[in-house]
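Dear colleague,

Please find the structure below, handed over for your records.

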Amino acid sequence: MKRTDYISWDEYFMGIALLSAMRSKDNNSQVGACIVSPENKILSLGYNGMPIGCNDDDMPWEREGDDLNTKYMYVCHSELNAILNSPHNDLTGARMYVTLFPCNECAKAIIQSGIKELIYLSDKYHDTHASIASRRMFNMTGVKYRAYQPTGREIHLEV
Ligand SMILES: Nc1nc(=O)n([C@H]2C[C@H](O)[C@@H](COP(=O)(O)O)O2)cc1CO
Ligand SMILES: [Zn+2]
């Protein structure tokens with residue numbers, strides 16, 4: 001008889017998104033994204049970080065202060081990184097697992113890339129204009145989005 005306590009596809013891909021987030025240098029929000037084909041093959045991964053070639057140690061990680069000295073001017077969001085870093089040029093019909101609901105800029109990239117479904121974990125910025133604009137665009141374009149339903153399963157990794 002086969003095992004029955006194997007992890008579901010949703011647990012698998014959100015777990016990988018969470019693991020990817022652990023690579024982030026951001027001291028406040030670590031975000032991970034995992035893009036999956038309709039056949040449940042992983043197409044790409046990403047986490048929030050500074051652009052390639054920008055030294056993490058020379059970049060600001062501040063949230064407040066003079067615009068030019070905050071991380072917001074520079075950091076690439078996990079969703080954008082996952083889209084741009086994909087070795088596959090066609091993401092049509094794919095789904096994205098992301099540990100934090102996308103901002104409006106990433107929503108545009110998600111829509112333009114052809115991703116059709118979004119599964120998110122945290123929605124801590126639900127009431128911001130960025131999230132409202134994202135939902136507005138997803139609703140207009142038929143990109144489905146749903147909150148990940150936690151299963152309570154703990155996945156312990158010892159490396
Ligand atoms: N969906 C998202 N994906 C992301 O990768 N990010 C990144 C940008 C920043 O590095 C960090 C948010 O910083 P903070 O404002 O929570 O300290 O997470 C942010 C959002 C929120 O829209
Ligand atoms: Zn974003």
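His 77 lies in the loop that runs between β2 (42-47) and α2 (78-84); helices (H or I, at least four residues) and strands (E, at least two) are DSSP runs, numbered from the N terminus. This is a predicted model, in which local features need pLDDT of at least 70 and side-chain atom pairs count only at pLDDT 80 or more, while totals for chains, interfaces and linings use all residues. Residues are numbered from 1 along each chain as its sequence is written, chains are lettered from A and ligands numbered from 1 in the order in which they are written, and side-chain values use heavy atoms, with hydrogens and water left out.

UniProt, in an unreviewed entry, gives the feature "binding site" at His 77, Cys 103 and Cys 106; such annotations may be inferred rather than shown by experiment. These residues are spread over 30 residues of sequence, yet they cluster in space, with a largest C-alpha distance of 8.8 Å. Of this set, His 77 and Cys 103 belong to the lining of the largest pocket (an open set of points on a 1 Å grid over the protein atoms alone, where a 1.4 Å probe fits, with protein on both sides within 12 Å along at least five of seven lines; lining residues have an atom within 4 Å of a point).

Ligand 1 sits in the largest pocket, meaning that more than half of its atoms lie within 2 Å of the grid points. Around ligand 1 there are 17 residues, the closest being Asp 26, Ser 29, Lys 71, Tyr 72 and Tyr 125 (a heavy atom within 4 Å). An oxygen atom of ligand 1 is 2.4 Å from an N or O atom in the side chain of Tyr 125 (polar contact: N or O atoms within 3.5 Å).

Definitions and conventions
A polar contact is a pair of N or O atoms within 3.5 Å; within protein, one must be able to donate a hydrogen and the other to accept it, and residues adjacent in sequence count only if both atoms are side-chain atoms.
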